[in-house]
Amino acid sequence: MTEELKKRKIDEASANGEAKDTRRIAVIKRITNETKIQIALSLDGGFIKLDESIFTKDKSETESDDVATQITNKQVINVNTGIGFLDHMLHALAKHSGWSLIIECIGDLHIDDHHTSEDVGIALGEAFKKALGHIKGIKRFGYGYAPLDEALSRAVVDLSNRPFAVINLDLKREKIGDLSCEMIPHVLESFATSAHITLHVDNIRGFNDHHKSESAFKALAIAIKEAISSNGTNDVPSTKGVLF
């Protein structure tokens with residue numbers, strides 16, 4: 001996709017955003033000696049942008065960027081972590097959660113995929129927590145099942161302010177593309193910890209590791225979409241009277 005076409009699609013998406021913006025949105029930067037990350041996230045979809053890309057012009061126009069790019073009048077998704085399969089998983093998460101999501105990451109991939117994967121999970125969790133704000137008027141709990149051919153996964157979410165993650169995908173391969181399979185549950189753990197949520201994700205059945213991983217991220221998307229949806233009140237969904 002050319003830059004001109006991307007801009008035209010973004011402009012079309014932006015045209016629907018003339019009313020006062022009440023969406024849950026966050027833009028964050030996270031810079032360490034190992035990674036440089038910036039994220040724009042809208043939990044309610046719609047047009048989003050980063051003020052300035054961290055990539056050079058040549059980098060932002062590479063063909064690989066289009067793999068995890070999808071721009072409509074409902075969502076803007078553009079994920080570029082430098083790790084193709086991670087981009088694919090985060091694209092699926094955003095798409096089925098109803099998010100608009102831009103992730104840019106420059107990481108020390110000359111070492112391995114650990115720092116990039118972990119830090120993207122951390123940064124996405126921080127963006128989610130910031131965008132969500134105080135927990136009130138939403139369901140708080142959510143669950144989802146998603147199949148992908150022979151694979152079936154289940155995810156359960158509690159927007160609890162109690163960071164905890166139990167991830168059981170039972171992956172067999174060493175890598176899927178350039179992403180180490182051991183990093184896939186760690187990305188989810190890192191996200192849950194930074195987002196301050198309780199998260200359980202299980203692969204119920206399956207034998208293809210790509211299918212098992214993707215069904216897990218899609219199940220998580222369904223669970224999150226339910227948890228952050230309105231419960232029809234302005235109440236805090238807790239006996240404590242406060243969350244976050």
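Student: Which residues are linked in a network of salt bridges here?

Tutor: Arg30, Asp119 and Glu126 are linked that way. A salt bridge here is a side-chain nitrogen of Lys or Arg within 4 Å of a carboxyl oxygen of Asp or Glu. Bear in mind that this is a predicted model, where local features need pLDDT of at least 70 and side-chain atom pairs count only at pLDDT 80 or more, while totals for chains, interfaces and linings use all residues. Residues are numbered from 1 along each chain as its sequence is written, and side-chain values use heavy atoms, with hydrogens and water left out.

Student: How many salt bridges in the whole structure?

Tutor: A search finds 9. One of them joins Arg30 and Glu126, at 3.9 Å from N to O. Arg30 sits in strand β1 and Glu126 in helix α4 (residues 114-132), so the pair ties together parts 96 residues apart in sequence. Helices (H or I, at least four residues) and strands (E, at least two) are DSSP runs, numbered from the N terminus.

Student: What does Arg154 pair with in a salt bridge?

Tutor: Asp202, at 3.4 Å from N to O. Arg154 belongs to strand β7 and Asp202 to strand β11, so this pair ties together parts 48 residues apart in sequence.

Student: Is Asp202 buried or exposed?

Tutor: Asp202 counts as buried, at 19% relative accessibility. Arg154 is partly exposed at 29%. Buried means under 20% relative accessible area, exposed over 50%, and partly exposed in between (1.4 Å probe, protein chains only).

Student: Switching topic: what order do the strands of the open sheet have?

Tutor: The order is β6-β7-β11-β8, 4 strands with mixed pairing. β6 and β8 (164-168) stand at the edges with a single partner strand each, so one side of each is left without a neighbour in the sheet. Two strands pair if DSSP finds at least two bridges between them.

Student: How many bridges join β6 to β7?

Tutor: There are 8, and the two strands run antiparallel. Tyr145 lies in β6 (residues 141-148), and its bridge partner in β7 is Arg154.

Student: And which helix packs on the sheet, touching β6, β7 and β11?

Tutor: Helix α6 (residues 209-227), whose direction makes about 150° with that of β6. Contact means heavy atoms within 4.5 Å. For the angle, axes are lines fitted to C-alpha atoms, for helices over the stretch in contact, and angles run from 0 to 180 degrees between N-to-C directions.

Student: Back to Tyr145, how accessible is it?

Tutor: Tyr145 is partly exposed, with a relative accessible area of 44%.
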